[in-house]
Amino acid sequence: MAEAWLALLVARVAVRFLRLPEVLERLQRWSRFRAAPAESAMLARAVWRAAALHALPMLCLPRSLALAWMLARRGQPCEIIIGAQPKGGTLDAHAWIEQDGVPINSPADSAQSFPVLLRHPVT
């Protein structure tokens with residue numbers, strides 16, 4: 001869970017200070033540092049638990065970036081998905097991770113609730 005906690009912190013800072021294309025490019029570069037194999041569901045739970053322990057709020061984008069990085073380090077390809085929809089005069093957005101078209105850190109109907117704006121593969 002320490003890896004998840006640190007990955008969340010790095011993702012939160014990166015999202016705050018970098019543009020999304022730069023964050024995604026660095027995510028791909030940093031994924032070259034390999035880690036021991038683990039199941040994607042276990043990693044998703046670790047990120048969720050670590051997010052609950054952070055002093056900073058960890059919204060869906062940092063959680064998804066952290067999970068994508070942890071999966072990529074283990075050689076498990078995934079996609080970062082960002083969807084959005086208008087809601088009451090604002091734009092409601094959500095980010096999640098999919099493997100083989102199945103969300104692993106979000107409800108299965110995320111794509112129906114939030115039409116996809118960005119689909120970025122991470123390997």
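How far is the sulfur of Cys60 from the closest cysteine sulfur, and in which residue does that closest sulfur lie? The sulfur of Cys60 is 15 Å from the one in Cys78, which is too far for a bond, given that a disulfide is a pair of cysteine sulfur atoms within 2.5 Å. Cys78 is likewise in no disulfide, and the structure holds 0 disulfides. Cys60 counts as buried because its relative accessibility is 17%, and Cys78, at 4%, also counts as buried; here buried means under 20% relative accessible area, exposed over 50%, and partly exposed in between, with a 1.4 Å probe and protein chains only.

This is a predicted model, in which local features need pLDDT of at least 70 and side-chain atom pairs count only at pLDDT 80 or more, while totals for chains, interfaces and linings use all residues. Residues are numbered from 1 along each chain as its sequence is written, and side-chain values use heavy atoms, with hydrogens and water left out.

The mean pLDDT of the chain (the predictor's confidence in each residue, from 0 to 100) is 91, and 100% of the residues reach 70 or more.
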